[in-house]
Amino acid sequence: MTARLALDGVHTHIGRYHILQGVDFDAPAGATTMLLGRNGAGKTTCLRTIMGLWRPSRGRIALGDSAISGLRASAIARAGVAYVPETMAVFADLTVRENLLLAAREGPLDEARLQWIFGFFPTLKRFWLSRAGSLSGGQKQMVSIARAIVEPRRLLLIDEPTKGLAPAIVGGLIDCLKEIKRIGATLVVVEQNFRVAREVGDWVRVMDNGRIVHAGPMAEFAEDAALQARLLGLSLDGRQ
Amino acid sequence: MMILSGPPPRGRTLQTLIVVVTLALALAPLLFPGAKPLNVAAKVCVYALLGASYDLLLGYAGMVSFAHVMFFGVGSYGVGLALYGLGPSWGAAALGLAAALGVSTVLALAIGLLSLRVQAIFFTMVTLAVSYAFGVLASQLDWLTGGEDGRSFRVPEVLQPGFRLFGGPLFGVAFNGRLISYYLVFFVSLALFLALLRVVNSPFGRVLEAIRENPLRAEALGYRIVFHRTLATCLAAAGATAAGALNAVWLRYVGPDTALAGSIQIAILVVVVIGGMGTLYGAVLGAAVFVVAQNYLQALLGALSAGAADAGLPLLTGLFHPDRWLLWLGLLFVLAVYFAPAGLVGALRSKDEATP
Amino acid sequence: MTASDFGAALPRPKRDLLPIFAPLIVAAIAAPFIGSASSFVTLTAAGVAMGMMIFTMASGLTLAFGMMDVLNFGHGAFISLGAYVATLVFTPLASWAQADSWPLNLALLALALAAAVVVCGLFGLVFERLVIVPVYGQHLKQILATIGGSIVAEQLLYALFGPDVIALAPPASFRGSFVIGDAAIEKYRVVATLVGLVVFVGLTLALNRTRIGLLIRAGVQDREMVEALGYRIDRLFVGVFMAGAALAGIGGVLWALYRQQVHASMGGELLVLCFIVIIIGGLGSVGGCFIGAILMALIDNYAGFLAPKLALVANILLMVAILLWRPRGLYPVGGR
């Protein structure tokens, strides 16, 4: 079910801006790869390019054995990729139920799967028939993530899930991501919050100026404070 | 070239064409004797000015307004009704023009401010609705405007057809009121066109273009979008009002069909798009193409239609019927939008730049 | 996880009902000026009928814009086409029209509506592929291209059907009026209102109860995310566009029978009214379109009675008033 994601020399131009300048990236199957980097490094563009929302101008993207670069976003989604954007992109005028229904392409919502989701997102059960636009930021994030896992997917792309959320909620989200990992999905997560990255990530890739400048196991990276400071521009142990 | 307030239009073919058109208009009474050709020439002058004023709004400021014909109508009715009600004097005409400019400025301010309040798509639709309502209102206030029938009036003596400047014809041309009227139209259009050139080639014009390209950036750079857009709307309105005034004086008649019809707004769009948006000179070429087509295409179509009828092809007979000239011009317009978005000016420029 | 139990239970979602009262408020304000109850009833019925017809025409326009940011200035062509199709159906079946039997008349109307749906839907497909596709995402070019398309379409209609106005009388049993006390309500207006209601209910059910409706509603909010969830939003849009054209065709049939004449210029004039309605209602909102249409039609009829020359101006004032209250219309949808 899960698959390895591989980017090979990917360039993306947006207008006349050359954002991705040759990204070589791989996310091992069944594991969680964190994509870190400073603001403006190109992390969101990277995810959007993988998802097909931006077209790469050069390079190859493969999911498992199949090439997905150059396909429409809808085709990539049907190849088993789910996307949780930075903006959450929850359909505000639709109910929580309708949001999830849309994401469940195979048919009606799987009851067992729903119960599993309610397990770590009990709020969704409470606001099942409420308009998604009236939910708080954290609740919308739950909807957005729930959409990505309402059916099994080969690859989940998650962009800054904890951004702007209160610390208490962040804790819950970490549990959620760990739970998703447990069932064995391949995750690529962009995260600014290093505590989250460290707890959830198996692998780390760091981006700067549209390229990957470091790749390795998270455990090693977490030990190397000097490396973190150099690449991410912050000293971490004082934070979060 | 000082008179052009900026560099001349690029490209040999383009320059030549513009010079040719201008000369043709300047010498029209000599080159094309007769009432109809003179009518065509006068209309080209008016529509060139009208198109240029719209280009300021559409091509330079990037504001898609469908209310431009309103200003044209205000100018026509202002001068026309003044001459109708106050008698054929220059004073009356001046008063009418001043009043028209006043009304236009108020309307332009309203529209300019509206564009800032609502998003672009709303703006276009609202201007369409307002313009339509204005036209209906003008028809309905028939005690003032003469309703559907409009008003015929007499113009100052010098411009009247019966007036003779010299006893008889000079160089084979009768120096009558029509001739003088024509040159009034020609020279005023020319002068105002040059004035518009001055505007777009000035720093103000460049800021307008910057705002059109990227409003957020322009604002961040400190340009006041409110001021620029509103002023642009007022200037464009003034140009259209003047064109309307000239139109009324030339026709010695003002009515909904010649001053406020939706077809005039469409004509303005066609003129500017076919000619080339954001170039001002495009309006000159576009006006020439449009007005000539409007008047002479029908004759051509008539011949084609008769031919089709003889050949027993009823569908073609219908399609080529002279009344369907707008069908063919419309097709040309659509093709221009897709394949020649820079209009005639753009096409000629690329051709000139391609051949060294 | 205790995430959201952070104090507040989620408040009951506030239904934005205020705009629904607007037509009632307008009616209430106009009533005393109109004076006689019978006139009021007649005018209100006329307003409702007209509103239903305009709603049918405008609903497709607002959905197309809401979903794909496509503003079709050529929408009037679908309205006119529908009207001409009605003449094609009514002419050979004149005996059905003249029979004073409402089942037969209803069948004739249904046939005309069905024909308009098919013809306009197909024409909508052609229009979308030829005119709209090349200019996706470029508003200015869309405006220009669709205007050009509307000119060509109007002229083609003249070439095919002749430039003259074609008379179209409503079927026999729809002529005349129901008389209730002093008030006379034209029978045809009732028919048009019923058809309009069926369309509104059908559209609302389709949007709210079907999967496709769900996709459309989501697409109006955020088409990129719908695509990222695995749906071909562009194909969905073609369907929406065709449906919008078909609905416009229905409106055209109803309007032609109402005015008892058909002419290609009617599309352009009605388009202006459609724009007013969708501006008032909010781009992308079917409910807003419905209320906007009723509002506009009521004002048109009341003003037409009270101050005939100012009827259209009254509508412009209504539009401006609404924009001042809610700059994006009554029920704006999505992030635009």
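How many residues does the contact take from chain B and from chain C? The model is predicted, so local features need pLDDT of at least 70 and side-chain atom pairs count only at pLDDT 80 or more, while totals for chains, interfaces and linings use all residues. Residues are numbered from 1 along each chain as its sequence is written, and chains are lettered from A and ligands numbered from 1 in the order in which they are written.

Chain B contributes 35 residues and chain C 31 residues to their contact, two residues being in contact if their C-beta atoms, placed from the backbone, lie within 7 Å. On the chain B side, at least two residues each come from helices H6 (120–140), H13 (262–275), H15 (314–319) and H16 (325–339); helices (H or I, at least four residues) are DSSP runs, numbered from the N terminus. H6(B) gives the most, with 14 residues. By class, this side holds 26 nonpolar, 6 polar and 3 charged residues. Here Ala, Val, Leu, Ile, Met, Phe, Trp, Tyr, Cys and Pro count as nonpolar, Asp, Glu, Lys and Arg as charged, and the others, Gly among them, as polar.

The contact between chains C and A takes 20 residues from chain C and 32 residues from chain A. Helix H8 (211–221) and helix H9 (223–228) of chain C are the elements that give two or more residues to the chain C side. That side has 11 nonpolar, 4 polar and 5 charged residues.

Within chain B, His68(B), Val69(B) and Phe72(B) in H4(B) meet Ile264(B), Gln265(B) and Ile268(B) in H13(B). This contact has 4 nonpolar, 2 polar and no charged residues.
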